[in-house]
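Hi,

Here is the structure I promised to pass on. Have a look at it first, and then read on for my notes on what turned up.

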Amino acid sequence: MSGYNDKSLEVSASYRKKARFQFLERIRFFLIPTAQKRVEWLRKKKKFAMLGEHVHYQPRKYPTDGARLKIHNNVAIAADVEFTMHDVIHWVFDGMEGKRSFVEYRSCIEIHDNVFIGAGSRILPNVSIGPNAIVAAGSIVNKDVPPGTIVGGVPARVIGSFDDFMDKRRAYSEEYRGLKKGERLQRDWERFYQTHP
């Protein structure tokens, strides 16, 4: 146990001060009421390496290593999506050696044009997504998502085609266009009971 008392393993005072400031900044970000306002704030504060046009950012938190995240144009990111550009396994390895010997692993993530990332997904380091790709809700993406595909699962794997899904949603939109709120709700329940008798 005495190896853990090495001063090199302690967190510096400057790091703690920076962490306090970031904590307050993250609270402020969490309270921003809309996805569009969050995008404006992220752009103004230059939190990402790139933040394209027509981006919808629903998550209430942003990644620690935003300088390693590029988000291109026409991207929608649903609630509770997390981007992880580093890990902390070096902490364990350093503890085993009793001193700081290992460097924190870090890598980049790039989200190309026309991408949707579903709620609760986690994108891991060294991943490129799209263009024209969909990540299903709750997925863990640990490798590249090929252009024009839909991926889902833990870990994520290809489960469909972007173009096929777009065609289905076009047909859905044609069916629902012009319906009033009550009519749409009734249609939703009718469709539900067709597949859930």
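In strand S9, Val 127 is the bridge partner of Ile 109. That bridge belongs to the pairing of S6 (residues 109–111) with S9, which is parallel and runs over three bridges. (Strands pair here if DSSP finds at least two bridges between them; helices, H or I with at least four residues, and strands, E with at least two, are DSSP runs numbered from the N terminus.) Before you go further: this is a predicted model, where local features need pLDDT of at least 70 and side-chain atom pairs count only at pLDDT 80 or more, while totals for chains, interfaces and linings use all residues. Residues are numbered from 1 along each chain as its sequence is written, and side-chain values use heavy atoms, with hydrogens and water left out.

Both strands sit in an open sheet of four, in the order S1-S3-S6-S9, with parallel pairing. S1 (50–51) and S9 (127–129) are at the edges with a single partner strand each, so one side of each has no neighbour in the sheet.

There is also a hairpin. S12 (residues 149–152) and S13 (residues 157–161) pair in the antiparallel sense over four bridges, and Val 151 stands opposite Val 158 in S13. Four residues lie between the strands of this hairpin, and Gly 153 takes a positive phi near 110 degrees there.

Now the helices. The axes of H4 (residues 162–176) and H5 (residues 181–195) come within 11 Å and cross at roughly 130 degrees. (Axes are lines fitted to C-alpha atoms, for helices over the stretch in contact, and angles run from 0 to 180 degrees between N-to-C directions.) H4 and H5 are therefore oblique to each other; angles under 35 degrees count as roughly parallel, over 145 as roughly antiparallel, 65 to 115 as roughly perpendicular and the rest as oblique. Which residues meet between H4 and H5? From H4 they are Tyr 172, Glu 175 and Tyr 176, and from H5 Arg 184, Arg 187, Asp 188 and Arg 191, where contact means heavy atoms within 4.5 Å. By class, that contact of H4 with H5 has two nonpolar, no polar and five charged residues. (Ala, Val, Leu, Ile, Met, Phe, Trp, Tyr, Cys and Pro count as nonpolar, Asp, Glu, Lys and Arg as charged, and the others, Gly among them, as polar.)

For H1 (residues 13–30) and H2 (residues 35–44), the axes come within 10 Å and cross at roughly 150 degrees. Here Glu 25, Arg 28 and Phe 29 in H1 meet Arg 38, Trp 41 and Leu 42 in H2.

Last, the pockets. (On a 1 Å grid over the protein atoms alone, a pocket is an open set of points where a 1.4 Å probe fits, with protein on both sides within 12 Å along at least five of seven lines; lining residues have an atom within 4 Å of a point.) The largest pocket holds about 720 Å³ of space. Its lining has 25 residues, and Tyr 15, Lys 18, Thr 64, Glu 104 and Arg 106 lie nearest its centre. H1 gives the most to that lining, with eight residues.

The second largest pocket has about 300 Å³. (Grid points are joined across faces, edges and corners, and a volume is the space filled by probe spheres set on the points.) H4 supplies the largest share of its lining, four residues. By class, the lining of the second largest pocket has 10 nonpolar, three polar and one charged residues.

Cheers
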